[in-house]
Amino acid sequence: MSTIPGLERPGPVPNDMTRPFWDACNERRLVLQNCTSCQRLHYPPAQRCDQCGSADNFQWKEVEGKGHIDVYMVIRDSRIRGFRSAQPINFAVITLDEDPGINFLSNLPGTPTGEVPVGAPVELIFEETSTGQLVHEWQVVT
Amino acid sequence: MVSNTGWMRDQEGLGLWEHRGKVAVVGWGQSHIDRRWDGVSLDRSCGGLTKEACLKAIADAGLSLDDIDGLITSAETRAEQTWAPRPYFDPPYDTEDGLTFTSADWIQRELGLKNVQYLKSDAPYIGPMMGLAAQAVGDGLCETALVWYPMVNLAGRYGHNNPANNSEEAPGPSAFTLPWGYQSGAMFNNLVIFQQYCKKYGKSHDGLADLCLNLRRNGLMTPWSYYALHEPYQLTREDYLNGRVIEEPLVIYDCDRPVNTCAAFIFTTAERAKDLRQKPVYVLNHAQNGGRGRSTMSTLEEHQEAVASLARKMWEGSGLGPDDVDIFNPYDGYLTFTQQFLEGFQWHGVKWGEAHDFYADDIRVEGPHPFLSSGGNNGTGRTRACLFSDSLEQLRGTAGPRQVTTRADTALAGCNTPDSNGFLMLSKHPS
Ligand SMILES: [Zn+2]
């Protein structure tokens, strides 16, 4: 379960393209597709490189799991069942330090709702979803 | 040079549109509008309202049923749920077709249209669909197309009955967004970008108040609108600033209100348009954007480039420039992204970061900057079609109390979001 009280995250369903990503999450590792011909990271997973167009040069690369909070908002009236029981809840955009063009979503477990330190560093954690699949999350570095 | 998505004009470098000024919009019909379908009145169902809008559009154009040889619509009615498992009705209301969407076959049958040679029920939402219709007529797939766009809102809190929002699983691309509470691009990605905009330009949410109030004002001057019919009073600044928060800082008044209605339009050739009831409004170009950003959330810079590119495509295909656009009706559902269109098209000289200052100036229809004279979707209810119908009315000179006092020879209208949209350039003159 999430460490955020009341939150029941829908569980990601892996497909052929994304299974290595989600399997790695279950091992508490964050891996991104890296295009080896132009050294460009991709997230979410893509069929082909958005820079050089190549579809054959992707390798999964583990990244360090350090990022920063770009902007945030607070969800107060969600349409999603598993979030209605947890609102109000933070919703932040995290940029990856290794490549700030890559961004992730986060509910910032451990940060009181609405008290989000924009610009602060965050580190990778993992949380359980409704199906048991782990997902990557981020928490403020203290 | 053709686009790699067929009929779309979603690339730069396509040159002047080959059918520029050779296609015209000659009819418009708007059905009754309610907040929701009551589940009982079949004339107010999706099919019932579609029939009403289509017959009005045909009459407006001065055409007969036999003149229609093309039928174009979209199944993207935003019903967010099916009518089932609730029981169906007697034919023709015995399937989802007619209740949560209205297909071309359904309308062909129900209106008894005998001369239809082109049917398309899977067009995209209205922004690109209007471009598709113009292209279909220009390409000769049909001569006179009836084009309709219903918006469906059934009982229950909007979106709460959508199966995707009630599942324990997040399939496909939603696996990377839904587990963190992400819902829709308009609501979430564009709010994130609004936050980035405020951070970059030192702006804040209250900078949208003037736009919101003016849209409601224009909507109240639109006789068929949801607000004119059902809630005929002006919002105050205090109402706006104290609005119920949906996703902080987004309040309920930033969101266009889902309604149950249908709008229809008639497209035909400039040749056929010559002797019809209405002064033709010519299509000078259509353009689309269908990109997405690099990562999970598109960024402000990506959206700004998307709209700048859309503008370049529009100028290139229409032969017009920012100073030539008299009426400007970009999408406003939600209010948080309308500024991207305003700044990207540089309407009335507005540059990046200047939209809120522009809103605080005089944007009334009587004034020098009649932005979104339609009242948009915030002012009329989420029809999306109002952007096009107001453009038509302004160019015809029939917008009544909303008629602008500035020149109204050309109009630019479209939806939805900065990164995913379709726009039309309309003109009183074919060249
Ligand atoms: Zn590459």
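This is a predicted model: local features need pLDDT of at least 70, side-chain atom pairs count only at pLDDT 80 or more; totals for chains, interfaces and linings use all residues.
Residues are numbered from 1 along each chain as its sequence is written, chains are lettered from A and ligands numbered from 1 in the order in which they are written, and side-chain values use heavy atoms, with hydrogens and water left out.

The zinc ion is held at 2.3 Å by the SG atoms of Cys35(A), Cys38(A), Cys49(A) and Cys52(A), donors being N, O and S atoms within 2.8 Å of the metal (3.2 Å for Na, K and Ca). The donor residues follow the spacing C-x2-C-x10-C-x2-C in sequence.

Turning to chain B, helix H2, residues 104-111, has Ala104(B), Trp106(B), Ile107(B) and Leu111(B) buried, where helices are DSSP runs of H or I with at least four residues and strands are runs of E with at least two, numbered from the N terminus. Those residues lie on the same side of H2(B), because they cover an arc of only 160° around the axis, the arc being that of the directions from the helix axis to the C-beta atoms. Just after H2(B), Gly112(B) adopts a positive phi of about 65°.

For chain B as a whole, buried residues account for 64% of the 431 residues, and the C-alpha trace spans about 60 × 50 × 45 Å along its principal axes.

Conventions
Buried means under 20% relative accessible area, exposed over 50%, partly exposed in between (1.4 Å probe, protein chains only).
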